[in-house]
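Look at the model below and follow its chain from one end to the other. The paragraphs after it go from the overall layout to the helices, then to the core and a pocket.

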Amino acid sequence: ACIGPVSKKIRHVPIFLRGCFYMTGIFGVELASGSVLKYFKICPWDYSNAPTNINGVIRLDYAPVWMAAGLIFEKILSK
């Protein structure tokens with residue numbers, strides 16, 4: 001929901017930095033929502049066994065996936 005409006009404002013930024021921005025935003029939302037859900041013991045995912053996890057709710061090795069996802073959604077939503 002946020003990528004469309006944000007992409008219009010950061011269109012002039014190099015693609016790698018835009019991807020990093022989207023990745024950080026996705027990680028932030030996943031960390032915040034996962035932390036709240038984990039607090040109430042209703043979090044449907046648990047990355048505790050992954051070596052690159054943070055609090056069991058995000059995996060840093062997913063960074064390239066979230067970067068690509070953000071750029072793909074940017075492309076889809078810019079039409």
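Helices and strands here are DSSP runs, numbered from the N terminus: a helix is a run of H or I with at least four residues, and a strand is a run of E with at least two. On that basis the protein has three helices and two strands. Along the sequence they follow the pattern α-α-β-β-α. This is a predicted model, in which local features need pLDDT of at least 70 and side-chain atom pairs count only at pLDDT 80 or more, while totals for chains, interfaces and linings use all residues. Residues are numbered from 1 along each chain as its sequence is written, and side-chain values use heavy atoms, with hydrogens and water left out.

Along the principal axes, the C-alpha atoms fill a box of roughly 40 × 25 × 15 Å. A residue is called buried if its relative accessible area is under 20%, exposed if it is over 50%, and partly exposed in between (1.4 Å probe, protein chains only). Of the 79 residues of the protein, 28% are buried. Contact means heavy atoms within 4.5 Å. Among contacts between residues at least 6 apart in sequence, 45% join residues at least 24 apart.

Take helix α2 next. The expected span of a helix is 1.5 Å times one less than its number of residues. With 25 residues, α2 reaches 36 Å from its first C-alpha to its last, close to the 36 Å expected. Its buried residues are Arg18, Gly19, Tyr22, Met23, Phe27, Glu30 and Gly34, and what covers them includes α1, β2 and α3. After α2 comes lysine 41, whose phi is positive, near 60°.

Helix α3 covers residues 63-77, and the distance of 21 Å between its end C-alpha atoms agrees with the 21 Å that its 15 residues should span. Ala63, Met67, Ala69, Gly70, Leu71 and Glu74 are buried in α3. These buried residues pack against α1 (3-9), α2 (15-39) and β2 (58-59).

What makes up the largest nonpolar core? A nonpolar core is a set of buried Ala, Val, Leu, Ile, Met, Phe, Trp, Tyr and Cys residues joined through side-chain atoms within 4.5 Å. The largest one has ten residues: Ile3, Ile10, Tyr22, Met23, Phe27, Val57, Ile58, Ala63, Met67 and Leu71. The elements that give two or more residues to this core are α2 and α3. Apart from its neighbours within four places in sequence, isoleucine 58 is in contact with Phe27, Glu30, Leu31, Tyr47, Thr52 and Asn53.

Isoleucine 54 lies in strand β1 (residues 53-54). With a relative accessible area of 31%, isoleucine 54 is partly exposed. Neighbours within four places aside, its contacts are Leu31 and Leu60. Isoleucine 54 and leucine 31 are 23 residues apart in sequence, and their C-alpha atoms are 8.3 Å apart in space.

On a 1 Å grid over the protein atoms alone, a pocket is an open set of points with protein on both sides within 12 Å along at least five of seven lines, and lining residues have an atom within 4 Å of a point. The largest pocket holds about 280 Å³ of space. Twelve residues line it, and Cys2, Ile3, Tyr22, Gly25 and Ile26 lie nearest its centre. The largest share of the lining, five residues, comes from α2.

Terms used. On a 1 Å grid over the protein atoms alone, a cavity is a set of points where a 1.4 Å probe fits but cannot get out, and a pocket is an open set with protein on both sides within 12 Å along at least five of seven lines; lining residues have an atom within 4 Å of a point. Grid points are joined across faces, edges and corners, and a volume is the space filled by probe spheres set on the points.
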